[in-house]
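I opened my notebook to look up a few helices and a few single residues. Here is what I wrote down as I went.

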Amino acid sequence: METITGKTSQAIQDETLLIRRILDGHTELFRQLAGRYAGQVLRMVASLIPSQEEAEEVTQDALLEAFQSLARFDARQASFQTWLMRIAYHTALKHYRQHHKTITVVEVEQCRLDTIPNDETDILLDDTSTDRVILMERAIDTLKPDDQMLLNLYYFDNRPIREISCITEHDESYLRSRLQWIRKRLAITIKSLESEESISEK
């Protein structure tokens, strides 16, 4: 049996036994357990917090919270990996909102999003030329932190919607709708940035 994280039932059982040993007092084993996923946690945190030192600090905060909350982990609800990523997701968002309040999120009206067809959106976002990638990065920076992390989880980490739903605690239907909205939002922003650059060059 494979789970949404690709782990076999045997691997899950082994992990469950390891968690039981930790809760029974062998706390030193948590380093071994968390070490399996620390890299994934750091990558997700760093997708929102670009400072390596800061991202590592937030990652450690998330791992510490997971250790302190381990008794509340319920394997019937999610795998340890997904549970840990959920903690890291909320820890990163909380840190971002507390320490990056000066970053301005550019809003785009829904009526503008409705004017761009899906095929044009696909063309804009699938272009991997250097100039377009730079504009894409600038466009992503204008998204809300929640949307930046959703984009990273789905497109860059290739996580299934079902797992992202567990991590973010949002309904799958909402996430699918939000991802479609984000794609159009990025396409509109890229077009605006290209227009601004064209004007400035004249």
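Before anything else, a note to myself: two residues are in contact when they have heavy atoms within 4.5 Å. Also, this is a predicted model, so I keep that in mind throughout.

**Entry: asparagine 152**

I looked up asparagine 152 and found it in helix α9, residues 145-156. Is it buried or exposed? Its relative accessibility is 10%, and buried means under 20%, so asparagine 152 counts as buried. Then I checked what asparagine 152 touches, skipping its neighbours within four places in sequence: the contacts are Arg43, Met44, Ser47 and Asp157.

**Entry: α3 against α5**

Next I looked at helix α3 (residues 38-46) and helix α5 (residues 80-99). They pack at an angle of about 30 degrees, and their axes are 10 Å apart. Angles under 35 degrees count as roughly parallel, so α3 is roughly parallel to α5. I also noted that the crossing of α3 past α5 is right-handed.

Which residues make the contact? From α3 I listed Gln40, Val41, Met44 and Val45. From α5 I listed Gln81, Leu84, Met85, Ala88, Tyr89 and Ala92. Sorted by class, this contact of α3 with α5 has eight nonpolar residues, two polar ones and no charged ones. Met44 turns up here and also in my list for asparagine 152.

**Entry: α5 by itself**

I did a quick length check on α5. With 20 residues at 1.5 Å a residue, α5 should span 28 Å, and its end C-alpha atoms are 28 Å apart, so that agrees. I then asked how many of its residues are buried. The count is 14 of 20, so I wrote down α5 as mostly covered.

**Entry: alanine 55**

Alanine 55 is in helix α4, residues 52-68. Its relative accessible area is 0%, so I put alanine 55 down as buried. Leaving out residues up to four places away in sequence, alanine 55 touches Leu42, Val45, Ala46 and Ile49. I also looked up how alanine 55 sits relative to valine 41: they are 14 residues apart in sequence, and their C-alpha atoms are 9.5 Å apart in space.

**Entry: α10**

Last stop was helix α10, residues 161-168. Six of its eight residues are buried, so α10 is largely enclosed by the rest of the structure. The buried ones are Ile161, Glu163, Ile164, Ser165, Ile167 and Thr168. Just after α10 comes glutamate 169, where I noted a positive phi of about 65 degrees.

Conventions. Residues numbered from 1 in each chain as written. Predicted model: local features only at pLDDT ≥ 70, side-chain atom pairs only at ≥ 80, totals over all residues. Heavy atoms only, no water. Axes fitted to C-alpha atoms, helices over the stretch in contact; angles between N-to-C directions. Helix = DSSP H or I, 4+ residues; strand = E, 2+ residues; numbered from the N terminus. Parallel < 35°, antiparallel > 145°, perpendicular 65-115°, else oblique. Left-handed = near helix turned anticlockwise from the far one by under 90°. Nonpolar A, V, L, I, M, F, W, Y, C, P; charged D, E, K, R; others polar. Expected span 1.5 Å × (residues − 1). Buried < 20%, exposed > 50% of the residue type's maximum accessible area, 1.4 Å probe, protein only.
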